[in-house]
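Subject: Structure for you to look at

Hello,

I am passing on a structure for you to look over. My notes on it come after the display.

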Amino acid sequence: MKFIDYIYFNIYRWYYKMKINGREVNSESLTSMWFGLCIGGWVLLLDLIYFHFILKSYPPSIHKIILILVTLICSGIINNFYSSNGRYLKVYNRYISSADKQSKGSQIFLSFGFMLLPYVLLPFIFIFN
């Protein structure tokens, strides 16, 4: 859970700095949307590996439905989880002191990299298979 909280903190802090700099962003909702896309991507990747390599069949229409439903459901669950009782502020306050000591650019890069990794791996499954 600490790994997920830390990724949530990095993404939230990035959007929160945008908000402080005068942009009109909703940090909590955008962070939850990214998490929904991340979980949707990982589910799609594992689903594709299961259908393509284990069952040896590939129904393409089911993947679109699974991705849309998982992304929406996970975004709502994560938004509800972190928004209730101010959990996003607890996570933010827990990691803010250690984040100022670390390199900020690399932490954001690693967090977004983890979230986008399944979408980078998906084309390689089709290219090399």
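Predicted model: local features only at pLDDT ≥ 70, side-chain atom pairs only at ≥ 80, totals over all residues.

Overall fold

The protein chain has five helices and zero strands. Read in sequence order, the pattern is α-α-α-α-α. Of the 129 residues in the protein chain, 36% are buried. Among contacts with a separation of 6 or more, 75% are between residues 24 or more positions apart.

In soluble globular proteins, nonpolar side chains tend to be buried together. Here the largest nonpolar core holds 21 residues, and the members that touch the most others are Y8, I11 and M115. At least two residues of this core come from each of α1 (2-20), α2 (27-54), α3 (60-83), α4 (87-101) and α5 (104-127). The biggest contribution is from α1, with eight residues.

Which residues does M115 contact, apart from its neighbours within four places in sequence? They are I7, I11, W34, F35 and C38.

α1 has 19 residues, and the distance from its first C-alpha to its last is 26 Å, close to the 27 Å expected at 1.5 Å a residue. The buried residues of α1 are D5, Y6, I7, Y8, F9, N10, I11, Y12, R13, Y15 and M18. On the list are D5, N10 and R13 as well as I7 and I11. After α1 comes G22, with a positive phi near 105 degrees.

α2 has 28 residues and reaches 40 Å from its first C-alpha to its last, close to the 40 Å expected at 1.5 Å a residue. K56 follows α2, and the phi of K56 is also positive, near 60 degrees.

Aromatic rings

A pair of aromatic rings is described by the distance of the centres and the angle of the planes. The count of aromatic pairs comes to four. In one of them, W34 and F112, the ring centres are 4.8 Å apart and the planes stand at 70 degrees; the cut-off is over 60, so this pair is edge-to-face. W34 is in helix α2 and F112 in helix α5, so the pair links distant parts of the chain, 78 residues apart. Both W34 and F112 are buried.

W42 and F114 also form an aromatic pair, this one tilted, at 5.6 Å centre to centre and 35 degrees between the planes. Because W42 lies in helix α2 and F114 in helix α5, the pair ties together parts that are 72 residues apart in sequence. Are these two residues buried or partly exposed? W42 is partly exposed, with a relative accessible area of 24%. F114 counts as partly exposed too, at 31% relative accessibility.

Ring pairs also link W14, Y15, W34 and F112 into a cluster. Of these, Y15 is among the buried residues of α1, and W34 is among the contacts of M115.

Regards

How values were computed:
Residues numbered from 1 in each chain as written. Heavy atoms only, no water. Core = buried A, V, L, I, M, F, W, Y, C linked by side-chain atoms within 4.5 Å. Buried < 20%, exposed > 50% of the residue type's maximum accessible area, 1.4 Å probe, protein only. Helix = DSSP H or I, 4+ residues; strand = E, 2+ residues; numbered from the N terminus. Contact = heavy atoms within 4.5 Å. Expected span 1.5 Å × (residues − 1). Phe/Tyr/Trp six-rings, centres within 6.5 Å; stacked < 30°, edge-to-face > 60°.
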